[in-house]
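Notebook open, structure loaded. I want to look up the sheet, the ligand surroundings and the core, in that order.

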Amino acid sequence: MDGLLEVRGLSREFGGIRAVDDLSFSVAPGSITGIIGPNGAGKTTVFNLVTGVYRPTAGEIRLGNTVLSGRRPDEVVRAGVARTFQNIRLFNRLSCLDNVRVPLLQRETYGVFSSLLRLPGVRARHRGVDARAEELLDLVGLSEHRDRGASNLPYGLQRKLEIARALAMEPRLLLLDEPAAGMNGEESRQLSGLVRELHRRFGLTILLIEHHMDVVMGLCDRILVLHFGACLAWGTPEEVRSNEQVLRAYLGKEGRPCSPCGA
Ligand SMILES: Nc1ncnc2c1ncn2[C@@H]1O[C@H](COP(=O)(O)OP(=O)(O)OP(=O)(O)O)[C@@H](O)[C@H]1O
């Protein structure tokens with residue numbers, strides 16, 4: 001097992017529904033991996049399982065040597081996994097800068113008394129946080145919007161702000177849930193450029209869910225195709241694009257799941 005993320009025999013049931021069904025795949029360190037599949041295929045449930053929002057019914061998830069399955073979301077973040085959400089989750093009343101400062105401050109461990117007394121070391125660390133927040137906003141192209149309320153940003157920029165917030169966690173693995181949702185062709189091209197740049201600059205491993213095929217095919221080294229919670233296909237964009245089962249599934253005929261993926 002040499003993936004940064006290793007998923008083995010993962011299942012999750014909701015009542016009688018198997019949202020994720022005995023799924024295995026591996027995300028290589030430093031790669032960009034895409035998850036695609038029809039609505040309801042289980043893509044977001046996989047993210048929720050990796051990030052500790054849901055507990056698996058069966059199976060194991062590892063990040064390097066750390067077992068993630070069964071951990072709380074805050075423990076998963078500390079282990080090095082950050083994510084963005086399909087339905088954007090920002091502090092709407094806060095400025096862009098403060099939206100990024102919050103996770104940065106959470107990472108800092110202040111003694112309560114030194115914080116209350118505003119000791120010099122704390123003030124210096126606050127300045128460090130401000131500088132880092134500005135840097136992250138600059139990186140995603142939001143510097144000029146730093147003082148603007150998050151809810152006043154256009155949708156595409158809110159998605160970039162979410163990415164800046166996730167980067168503030170200094171993740172080893174970044175999960176992006178439909179980063180190009182609601183974007184037009186030009187916006188999604190820009191978004192692809194940004195993801196590529198972040199990947200190069202931070203040596204990040206990225207797992208992304210996306211319905212925009214041009215984004216997925218252009219960015220990803222490997223693609224996992226989910227169908228009824230199981231792996232329908234796994235491979236390079238070229239392999240997936242020409243896979244008969246994938247073509248049939250998207251055309252409405254049922255394909256036969258394969259397993260395990262990327263092992
Ligand atoms: N909390 C939940 N309770 C009950 N059923 C759920 C829950 N979360 C997901 N499901 C079900 O699990 C299945 C997979 O849903 P999921 O949201 O993971 O799919 P998806 O591939 O992300 O879909 P989409 O592309 O529409 O976002 C669906 O049948 C969904 O209704």
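This is a predicted model: local features need pLDDT of at least 70, side-chain atom pairs count only at pLDDT 80 or more; totals for chains, interfaces and linings use all residues.

Sheet first. Strand β1, residues 5-14, pairs with β2 in the antiparallel sense over seven bridges. I checked one of the bridges: Leu-10 has Leu-23 in β2 as its partner.

Then I traced the whole sheet. It is an open one of four strands, ordered β2-β1-β4-β5, with antiparallel pairing. Its edge strands are β2 (17-27) and β5 (66-67), each pairing on one side only.

Next, what lies across the strands? I found helix α1, residues 43-50, lying across β1, β2 and β4 (58-63). Against β2, the helix runs at about 65°.

Ligand next. Which residues are around the ligand? My list reads Phe-14, Ile-17, Ala-19, Gly-37, Asn-39, Gly-40, Ala-41, Gly-42, Lys-43, Thr-44 and Thr-45. Sorting by element, I get β2 and α1 as the ones that give two or more residues to this shell. Helix α1 gives the most, with three residues.

Last, the core. The largest nonpolar core has 70 residues, and I looked for the members that touch the most others: Val-100, Leu-137, Ala-164 and Val-225. Why does this core lie between domain 1 and domain 2? Because domain 1 (1-80 + 171-262) and domain 2 (92-164) both give residues to it.

Setting aside neighbours within four places in sequence, I have Leu-137 in contact with Cys-96, Leu-97, Val-100, Leu-142, Ser-143, Arg-146 and Ala-164.

Key:
Residues are numbered from 1 along each chain as its sequence is written. A nonpolar core is a set of buried Ala, Val, Leu, Ile, Met, Phe, Trp, Tyr and Cys residues joined through C-beta atoms within 7 Å. A residue is buried if 20 or more other C-beta atoms lie within 10 Å of its own, exposed if 12 or fewer, and partly exposed in between; C-beta atoms are placed from the backbone. Domain bounds come from an automatic or database domain assignment. Two residues are in contact if their C-beta atoms, placed from the backbone, lie within 7 Å. Two strands pair if DSSP finds at least two bridges between them. Axes are lines fitted to C-alpha atoms, for helices over the stretch in contact, and angles run from 0 to 180 degrees between N-to-C directions. A residue is near a molecule or strand if its C-beta atom, placed from the backbone, lies within 6 Å of it.
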